[in-house]
Amino acid sequence: MKNSLTLSLLLIFLLSSANYAQFDLKKLIKKTKEKTEEKVEKKIEDKIDKATDEALEGGKEKPEAEKKQVETATEKNEPKTSTEQNSDKQSQAPKVEWKKYDFVPGSEIIFEDNLVDETNGEFPSRWDLLDGNFEIAELNGEKVISIRGEMNMYRQGIVPYLKNRKEDYLPDAFTLEFDAYYSNEASYPRYFVTLFDRKNQASIGPKYLRINYGFAEYGEIGGSIPGLSDVHNTTKPAWRHIAISFNKRALKVYLDETRVLNIPNFEENPSGITLSAEAGSEMNYFIKNIRLAKGAVPLYDKFLTDGKIVTTGIKFDVNKATIKPESMGVINGIVKILNDHPELKFSVEGHTDSDGDDAFNQKLSEARAQSVMNKLIELGIDGSRLTSKGWGESKPVSDNSTPEAKANNRRVEFVKI
């Protein structure tokens with residue numbers, strides 16, 4: 001009896017221990033599974049975060065074709081400076097090659113405003129006000145002209161503050177360039193250029209140039225390029241480069257690298273400019289880098305007359321040797337000349353204005369000349385036909401006393417060798 005009881009108790013104990021062990025085993029398996037799932041989920045989250053960061057930053061790894069396009073000797077020759085601006089962090093125009101861009105800026109700068117030394121919140125000092133709300137603002141570390149509030153383009157605008165602004169100050173051939181900020185709306189903002197000074201000059205009519213995301217028009221005349229809206233309309237805010245060329249009677253308008261308007265027989269006689277926008281209270285309107293220049297002489301004609309080509313149309317990032325996309329009109333023109341005349345050889349020579357340190361300007365001019373030469377080689381020109389050198393601020397063509405004079409000194413020359 002005692003043995004049976006002992007055996008029974010032992011059996012109960014073993015069964016209980018087994019159940020308890022099974023319970024602990026299940027619990028242990030559950031915990032292990034949960035920890036494993038947590039680790040897997042964390043790895044997945046880390047990968048997602050990494051991919052998101054790389055997408056926002058442009059990605060660390062690029063396709064080989066894109067690497068070849070972006071990784072040029074231009075970036076390798078940039079001098080470094082603590083005053084470099086953080087403009088790369090803001091939305092920019094698309095990073096494209098602009099291989100078909102044929103806009104060539106005028107050779108003599110009439111009016112230039114890069115907003116240097118302006119004060120935030122104040123009216124831009126180099127302009128006169130027709131009407132509206134225009135003031136200096138800062139966008140991602142860069143000074144811009146902000147157009148704010150509900151505005152009617154027929155009443156508001158700004159005009160260059162020039163001594164002769166009451167007269168016809170536009171020559172028979174001129175170019176106008178500026179950068180305009182487009183928001184994420186498909187058809188807004190709309191920027192307007194009136195080709196006379198609406199404050200100081202007699203009216204030549206109600207017609208105006210309107211430049212939208214995907215097209216431009218002049219009054220009732222104009223049109224859109226099929227499919228252009230697919231290129232320029234985007235959900236991301238971005239800067240666009242607007243360029244206008246007038247030569248006696250022909251008017252052309254470019255939005256980034258694309259010609260969006262071509263009027264062979266312009267009806268009016270342009271006498272000045274007024275800039276405005278069809279502004280709304282909840283939208284952002286900004287412009288910057290405004291330049292008005294005289295003349296649109298073909299590059300080869302300049303060469304035949306002067307024995308060299310001097311241009312202010314090749315532009316670079318501030319204190320860098322990085323070539324801006326809108327420079328490609330001139331560069332493409334130089335490529336064409338060299339292809340059409342295989343006997344020609346050029347020395348590519350860089351010049352700066354007098355702002356900043358002499359030694360830095362010398363290195364900067366050398367790096368910029370090298371960048372232009374490298375771009376020409378990249379576009380198919382034999383390197384044996386090219387050399388480069390920089391002159392810094394040592395050979396000015398103007399006295400550096402005005403923004404226009406400084407802009408004329410910041411130039412690239414193609415000298416026959």
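Where is the place of S271, in terms of β13 and β14? S271 sits in the loop between β13 (258–263) and β14 (274–277).

This is a predicted model, in which local features need pLDDT of at least 70, side-chain atom pairs count only at pLDDT 80 or more, and totals for chains, interfaces and linings use all residues. Residues are numbered from 1 along each chain as its sequence is written, and side-chain values use heavy atoms, with hydrogens and water left out.

S271 counts as buried because its relative accessibility is 10%. Buried means under 20% relative accessible area, exposed over 50%, and partly exposed in between (1.4 Å probe, protein chains only). The S271 side chain makes a polar contact with the side chain of Q201, at 2.6 Å. A polar contact is a pair of N or O atoms within 3.5 Å; within protein, one must be able to donate a hydrogen and the other to accept it, and residues adjacent in sequence count only if both atoms are side-chain atoms. Not counting residues up to four places away in sequence, S271 touches E167, D168, Y169, L170, L195, F196 and Q201. Contact here means heavy atoms within 4.5 Å.

**The chain as a whole**

The chain has eight helices and 19 strands. Helices (H or I, at least four residues) and strands (E, at least two) are DSSP runs, numbered from the N terminus. Of the 417 residues, 43% count as buried. Among contacts between residues at least 6 apart in sequence, 73% join residues at least 24 apart. The accessible surface comes to about 22,500 Å², and 51% of it belongs to carbon and sulfur atoms. Areas come from the Shrake-Rupley method with a 1.4 Å probe; for residues, only the protein chains shown count as cover.

**Cores**

A nonpolar core is a set of buried Ala, Val, Leu, Ile, Met, Phe, Trp, Tyr and Cys residues joined through side-chain atoms within 4.5 Å. The largest has 46 residues, and those with the most contacts inside it are I145, F178, Y191, V193, L209 and I211. Strand β6 (residues 173–182) gives this core its largest share, six residues. Another core lies apart from it, with 30 residues, among them A243, F346, V348 and V372.

Strand β11 (residues 238–247) is mostly covered, with nine of its 10 residues buried. Two strands pair if DSSP finds at least two bridges between them. The pairings of β11 are tabulated here.

| Pair | Bridges | Direction | Opposite residues |
|---|---|---|---|
| β6 and β11 | 10 bridges | antiparallel | Y182 and A238 |

β11 and β12 form a hairpin with two residues between them. K248 in the turn has a positive phi of about 65°.

V348 is found in strand β17 (residues 346–351). V348 is buried, at a relative accessible area of 0%. Its C-alpha atom is separated by 7.0 Å from that of V412, 64 residues apart along the chain. Leaving aside neighbours within four places in sequence, the contacts of V348 include A369, V372, M373, L376 and V412.

Helix α7 covers residues 358–378. Its 21 residues should span 30 Å at 1.5 Å a residue, and the end C-alpha atoms are 30 Å apart, which agrees. The expected span is 1.5 Å times one less than the number of residues. D357 caps the N-terminal end of α7, with a side-chain oxygen 3.0 Å from the backbone nitrogen of A359. G380 follows α7 and has a positive phi, near 110°.
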